[in-house]
Amino acid sequence: MTPAQVALGYDAIAERWASPDFPRDNGIPQHERALAFAQGAGHALDAGCGCNGRIVDLLQARGYEVEGVDVSARMVELARARHPGVAFHHADICEWKMPRRYDFISAWDSIWHVPLACQAAVLAKLLNALAPGGVCIFSMGGLDAPGEKTDAAMGPAMYYATPGIPATLDVLAQTGCVCRHLEFDQRPESHLYIIAQRNTIASGPR
């Protein structure tokens, strides 16, 4: 599946994330663990932000100036309605040019929809956009080797991929980042999240 097809799928089900029935604590304890490594507030990015707004709320409460980016037009529309003062970008993360460096980046349950061939490059793009000492939290499929699948568990067909744990840790090393935490947090499912921190003297694109 292409990112455009994934976007159409999320357009069709976006209201589920805006529903009061959506668990607003999803991923929040993991983000609080990541924020414990952060060196202070600044600019933050929610990559694959959706429309729920819980991560935006958490980051704003910690003093961050937050931006969001999502491939789904409907998700972005709902996100703008919930947080009219936040800059939300409707874009494909594979093609989007990062507008600045960030002190904190979240990519929670989002970049695993990126085509497998682009996964390493997208992760490297996010990590290279961290300011020195910046922190990134992202989730992925916790496999040892690359893998991809399509399923319709949410209704529309959705694509998922993972480069695998070894390749992912290689990207961290290549971009001057250190793995601060790695956890399978939804066993027996293979849901994995990683907290990475950029070297305090790292250089990269501005």
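Q: Before we start, what is a polar contact?
A: A polar contact is a pair of N or O atoms within 3.5 Å. Inside a protein, one of the two must be able to donate a hydrogen and the other to accept it. Keep in mind that this is a predicted model.

Q: Ok, which side chain does Gln197 meet in a polar contact of 2.9 Å?
A: That's Arg180: the side chains of Gln197 and Arg180 are joined by a polar contact of 2.9 Å.

Q: And which backbone oxygen does the Gln197 side chain reach?
A: The one of Phe37, at 3.1 Å.

Q: Is Gln197 buried or exposed?
A: Gln197 is buried, because its relative accessibility is 8% and the cut-off for buried is under 20%.

Q: What else is Gln197 in contact with, leaving aside neighbours within four places in sequence?
A: Among its contacts are Gln39, Gly133, Gly134, Val135, Gly176, Cys177 and Val178.

Q: Which strand is Gln197 in?
A: Strand E9, residues 191-198.

Q: How many residues of E9 are buried?
A: 8 of its 8 residues, so E9 is mostly covered. On one side you have His191, Tyr193, Ile195 and Gln197, and on the other Leu192, Ile194, Ala196 and Arg198; both faces are covered.

Q: Which strands is E9 joined to by bridges?
A: E5 and E8. There are 7 bridges between E5 and E9, which run antiparallel, and 7 bridges between strand E8 (residues 177-184) and E9, also antiparallel. For instance, His191 in E9 is the bridge partner of Gly141, while Arg198 in E9 is the bridge partner of Cys177.

Q: What do E8 and E9 form?
A: A hairpin, with 6 residues between the two strands.

Q: What's the order of the strands in the sheet?
A: E3-E2-E1-E4-E5-E9-E8, which makes 7 strands in an open sheet with mixed pairing. Strand E3 (87-90) and E8 stand at the edges with a single partner strand each, so one side of each has no neighbour in the sheet. On average, neighbouring strands are turned by 15 degrees against each other, direction ignored.

Q: Where's the parallel part, and how many bridges are there?
A: Strand E1 (residues 43-47) and strand E2 (residues 65-70) run parallel, joined by 5 bridges. Leu45 has Glu67 in E2 as its bridge partner.

Q: Back to E5: is Phe138 buried or exposed?
A: Phe138 belongs to strand E5 (residues 130-141). Phe138 is buried, because its relative accessible area is 2%, and under 20% counts as buried.

Q: What does Phe138 touch, not counting residues up to four places away in sequence?
A: Ala107, Ile111, Leu123, Thr168, Leu172, Leu192, Tyr193 and Ile194. Phe138 and Tyr193 are 55 residues apart in sequence, and 5.6 Å apart in space from C-alpha to C-alpha.

Q: Now helices. What does H5 lie across?
A: Helix H5 (residues 116-128) lies across E1, strand E4 (102-107), E5, E8 and E9, and runs at about 150 degrees to E5.

Q: At what angle do H1 and H4 pack?
A: Helix H1 (residues 3-18) and helix H4 (residues 73-82) pack at about 30 degrees, with 7 Å between their axes. Angles under 35 degrees count as roughly parallel, so H1 and H4 are roughly parallel to each other.

Q: Which residues make that contact?
A: From H1, Tyr10, Asp11, Ala14, Glu15, Trp17 and Ala18; from H4, Ala73, Arg74, Met75, Leu78 and Arg82. They divide into 7 nonpolar, no polar and 4 charged.

Technical notes. Residues numbered from 1 in each chain as written. Predicted model: local features only at pLDDT ≥ 70, side-chain atom pairs only at ≥ 80, totals over all residues. Heavy atoms only, no water. Helix = DSSP H or I, 4+ residues; strand = E, 2+ residues; numbered from the N terminus. Buried < 20%, exposed > 50% of the residue type's maximum accessible area, 1.4 Å probe, protein only. Contact = heavy atoms within 4.5 Å. Axes fitted to C-alpha atoms, helices over the stretch in contact; angles between N-to-C directions. Parallel < 35°, antiparallel > 145°, perpendicular 65-115°, else oblique. Nonpolar A, V, L, I, M, F, W, Y, C, P; charged D, E, K, R; others polar. Pairing = 2+ DSSP bridges.
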